Amino acid sequence: MKKWFRPLLLFFIVICLSHNLVYAQEMPPQEVVQKQLEFYNKRDITGFMSVIDPNIVFYDFSTGQKTMEGAKACRAFYRALFDASPTLHSKILTRTVFGNRVIDHEAISGRNGSDQILELVLIFEVKGEKIIKITVIKKEM
């Protein structure tokens with residue numbers, strides 16, 4: 001083997017491995033949730049569902065009850081919401097990232113054509129670039 005070949009081969013291997021490592025990294029949980037928010041604000045059901053796990057589960061925080069389960073139910077719910085809410089928009093008031101959980105305090109306007117601002121706290125649990133669980137906290141009146 002020529003003297004120059006071994007260092008060149010080693011350089012090539014290092015470049016290939018580092019290139020693969022850059023592209024193999026998972027999107028951080030806050031980026032997954034941010035993508036979901038952007039699709040929500042565009043009322044883009046296809047984009048929205050791209051970050052939703054097929055086995056997603058929704059919970060009501062105050063009762064602990066499961067309120068929705070599975071991507072099919074999620075798609076139907078948000079498709080109807082998007083269709084009924086032409087001015088739908090969610091603004092993040094605060095965001096906290098805690099491991100694989102993202103906690104958003106949101107102000108939502110235009111929901112089902114309403115002029116009222118709906119405040120919610122949503123706790124998103126993310127695994128493998130998909131949202132697997134959403135717990136909803138409604139503001140007490």
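I began with the buried residues of helix H4, which are Cys74, Tyr78, Leu81 and Phe82. They cover an arc of only 95° around the axis, so they sit on the same side of H4. I am working from a predicted model.

I recalled the helix rule here. An α-helix has 3.6 residues a turn, so residues three or four places apart point the same way.

Next I looked at what the buried side meets. The buried residues of H4 pack against H2, helix H3 (45-49), S1 and S2. I then turned to the face directed away from that side, and found the exposed residues Lys72 and Asp83 there.

I checked the length of H4. Its 14 residues, at 1.5 Å a residue, should span 20 Å. The end C-alpha atoms are 20 Å apart, which agrees.

**Arg79**

I stayed in helix H4 for Arg79. Is Arg79 buried, exposed or partly exposed? Its relative accessibility is 31%, so I noted Arg79 as partly exposed. Leaving out residues up to four places away in sequence, Arg79 touches Arg43 and Ile45.

I moved on to the strands. In what order do the 6 strands lie? I read S2-S1-S6-S5-S4-S3, an open sheet with mixed pairing. Strand S2 (66-69) and strand S3 (89-98) stand at the edges. Each has a single partner strand, so one side of each has no neighbour in the sheet. From one strand to the next, the twist averages 20°.

I picked one pair to follow. Strand S1 (residues 52-60) and strand S6 (residues 130-138) run in the parallel sense, with 5 bridges. I traced Phe58 to its bridge partner in S6, Ile134.

Two helices were checked against the sheet. Helix H4 (residues 71-84) packs on the sheet and touches S1 and S2. The direction of H4 makes about 70° with that of S1. Helix H2 (residues 29-42) lies across S3, strand S4 (101-109), S5 and S6. I noted that H2 runs at about 170° to S3.

**Glu125**

My last stop was Glu125, in strand S5 (residues 118-127). Is Glu125 buried or exposed? I found 17% relative accessibility for Glu125; buried means under 20%, so Glu125 counts as buried. I listed its contacts, not counting residues up to four places away in sequence: Glu125 touches Asn100, Arg101, Lys130, Ile131, Ile132 and Lys133.

Technical notes. Residues are numbered from 1 along each chain as its sequence is written. This is a predicted model: local features need pLDDT of at least 70, side-chain atom pairs count only at pLDDT 80 or more; totals for chains, interfaces and linings use all residues. Side-chain values use heavy atoms; hydrogens and water are left out. Helices (H or I, at least four residues) and strands (E, at least two) are DSSP runs, numbered from the N terminus. Buried means under 20% relative accessible area, exposed over 50%, partly exposed in between (1.4 Å probe, protein chains only). Contact means heavy atoms within 4.5 Å. Two strands pair if DSSP finds at least two bridges between them. Axes are lines fitted to C-alpha atoms, for helices over the stretch in contact, and angles run from 0 to 180 degrees between N-to-C directions. The expected span of a helix is 1.5 Å times one less than its number of residues. The arc is that of the directions from the helix axis to the C-beta atoms.
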